[in-house]
Amino acid sequence: EITLTGAKVFAASEHAKLFKNAILPEPSGMVPVRGHKGVMFVRYDVLGKSAHAAVPERGINAITMAMDLYHRIESQLSIAFAERVHPVLGPPTFNIGAMHGGERANIVPDECLFMFDRRITGGETVKDAIAELDKINNEMQVPYGASIMMHVVHAEEPYWLDDGDPFLQHVCGMLGAEPGIM
C-alpha cells in the first residue's frame with residue numbers, strides 16, 4: 001500500500017494495456033473514491049554533539065534542534081496550507097509520525113531523527129513540496145559542528161477525477177453513492 005509497488009508493476013505490464021479504466025480495491029465502505037492526495041514521506045537526520053548534562057554548553061542538543069526545525073516547518077506550512085485548498089482534494093496536510101533521539105537523561109543527545117507524512121493536493125507537485133521544505137531548512141541557523149539532512153523516503157503525485165468523468169459517473173450510478181476522496 002505505501003509504495004504502490006504492485007500497482008506500478010502492473011501498470012507497466014502488457015496486461016494493463018487491456019484496460020481503459022480500473023477500480024482499486026482499497027477499503028472505502030463501497031464509496032467510490034475519485035481522488036487521492038499525493039504523499040511524501042520525509043526523514044530528517046539531525047546531528048549535534050554529545051556532552052555530559054552537567055556541562056550542556058559543551059554539546060549541541062540534536063533533539064532541541066530537531067524540535068526547532070519541526071516547529072518552523074509546522075508553523076510555515078500551516079500558514080501556506082490555509083491558502084491551498086483544492087476543490088476536490090481539500091488542503092495539503094502534514095503529520096509528524098516518529099521522533100527518536102537520545103540515550104539517557106544525563107547526556108546531551110548528539111542524534112535525533114524525525115519522520116513525517118506530507119500530503120500534496122492539486123496545484124502542488126512533489127517537486128514544489130521539496131522546494132518548500134528546502135527553503136525552510138536553509139533558513140534554519142545550524143550551529144557549527146551540527147548538521148541537518150533531509151531525505152525523501154517516498155513520494156507520489158496527487159490524482160483526481162473531475163465530477164463529469166464518465167467512468168466516475170458510471171461507478172457512482174451503479175453503487176448509488178456520491179464520490180469521496182482519500
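The model is predicted. Its chain averages a pLDDT of 90, and 93% of the residues score at least 70. Among the elements of the chain, the lowest mean pLDDT, 73, belongs to helix H1 (residues 5–11), while S5 has the highest, at 98.

**Helix pair**

The axes of helix H2 (residues 62–81) and helix H3 (residues 126–139) come within 10 Å. They cross at roughly 135°. Angles over 145 degrees would count as roughly antiparallel and 65 to 115 as roughly perpendicular; H2 and H3 are therefore oblique to each other. The crossing in which H2 passes H3 is right-handed.

**Second largest pocket**

The volume of the second largest pocket is about 150 Å³. Its lining consists of 15 residues, and those nearest the centre of the pocket are Gly 101, Gly 102, Asp 110, Glu 111 and Cys 112. By class, the lining residues divide into seven nonpolar, four polar and four charged.

Which elements give two or more residues to the lining of the second largest pocket? They are the four strands in the table below.

| Strand | Residues |
|---|---|
| S2 | 38–47 |
| S4 | 93–101 |
| S5 | 107–108 |
| S6 | 111–120 |

One of these strands, S5, is also the element with the highest mean pLDDT in the chain.

How values were computed:
Residues numbered from 1 in each chain as written. Predicted model: local features only at pLDDT ≥ 70, side-chain atom pairs only at ≥ 80, totals over all residues. Heavy atoms only, no water. 1 Å grid on protein atoms, 1.4 Å probe; cavity = no way out; pocket = protein on both sides within 12 Å on 5 of 7 lines; lining within 4 Å. Points joined across faces, edges and corners; volume = space filled by probe spheres on them. Nonpolar A, V, L, I, M, F, W, Y, C, P; charged D, E, K, R; others polar. pLDDT = per-residue confidence, 0-100. Axes fitted to C-alpha atoms, helices over the stretch in contact; angles between N-to-C directions. Parallel < 35°, antiparallel > 145°, perpendicular 65-115°, else oblique. Left-handed = near helix turned anticlockwise from the far one by under 90°.
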